[in-house]
Amino acid sequence: MAEEIIREFSGRIIAYIETKPNGDKVVRAFSRKILGYYYKSRNVTTDFYGRIVAQGDCCTMLIGRE
């Protein structure tokens, strides 16, 4: 599993995106609270509650929606 760190312009960490071996992703806030998921097999991005928010990999749009 690879983890990408998302930083704002000043360098402060604001989120993490964890990529699983099958291509799925988990988006987490700085506090490690799960914000949403990307499912590669379905090609959709969902929020924490499972509602589809976008087609394709739009994980970064979940950041800041806490």
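Predicted model: local features only at pLDDT ≥ 70, side-chain atom pairs only at ≥ 80, totals over all residues.

**A walk through the strands**

I begin with F48, which has a relative accessible area of 44% and therefore counts as partly exposed.

Leaving out residues up to four places away in sequence, F48 touches I34, L35, G36 and Y37. As for distance, the C-alpha atoms of F48 and E18 are separated by 15 Å, and these two residues are 30 places apart along the chain.

Let me now turn to the aromatic residues. How many aromatic pairs does the structure hold? There are two. In one of them, the ring centres of Y37 and Y39 are 5.9 Å apart and the planes meet at 25 degrees, so this pair is stacked; the cut-off for stacking is under 30 degrees. The other pair is formed by F48 and Y49 and is edge-to-face, with 5.2 Å centre to centre and 85 degrees between the planes.

Six strands form an open sheet, in the order β1-β2-β3-β4-β5-β6, and their pairing is antiparallel. Which strands lie at the edges? The edge strands are β1, covering residues 2-7, and β6, covering residues 52-55, and each of them pairs on one side only. On average, and with direction ignored, neighbouring strands of this sheet are turned by 20 degrees against each other.

Consider β3 and β4 in particular. These strands run antiparallel and are joined by four bridges. Across this pairing, K25 stands opposite Y38 in β4. The hairpin of β3 and β4 has four residues between the strands, and within this hairpin R32 takes a positive phi near 75 degrees.

The pairing of β4 with β5, which covers residues 44-47, is likewise antiparallel and counts four bridges. Here Y39 stands opposite V44 in β5. In the hairpin of β4 and β5, with four residues between the strands, N43 has a positive phi near 55 degrees.

I now ask you to look at K25, a residue of strand β3, which spans residues 25-29. Is K25 buried or exposed? K25 has a relative accessibility of 19%, and it counts as buried because the cut-off is under 20%. The side chain of K25 makes a polar contact with the side chain of D57, at 2.7 Å. Neighbours within four places in sequence aside, K25 is in contact with I17, E18, T19, G36, Y37, Y38, D57 and C59.

T19 is partly exposed, because its relative accessible area is 26%. Not counting residues up to four places away in sequence, T19 touches M1, A2, D24 and K25. By contrast, T19 and A54 are 18 Å apart in space, C-alpha to C-alpha, and 35 residues apart in sequence.

**The nonpolar core**

I close with the interior. In soluble globular proteins, nonpolar side chains tend to be buried together. Which residues make up the largest nonpolar core here? This core has nine residues, namely I6, A15, I17, V27, A29, L35, Y38, C59 and L62. The elements that give two or more residues to this core are β2, with residues 13-19, β3, and β4, with residues 34-39.

Thank you for your attention.

Notes:
Residues numbered from 1 in each chain as written. Heavy atoms only, no water. Buried < 20%, exposed > 50% of the residue type's maximum accessible area, 1.4 Å probe, protein only. Polar contact = N/O pair within 3.5 Å; in protein donor to acceptor, adjacent residues only side chain to side chain. Contact = heavy atoms within 4.5 Å. Core = buried A, V, L, I, M, F, W, Y, C linked by side-chain atoms within 4.5 Å. Pairing = 2+ DSSP bridges. Axes fitted to C-alpha atoms, helices over the stretch in contact; angles between N-to-C directions. Phe/Tyr/Trp six-rings, centres within 6.5 Å; stacked < 30°, edge-to-face > 60°.
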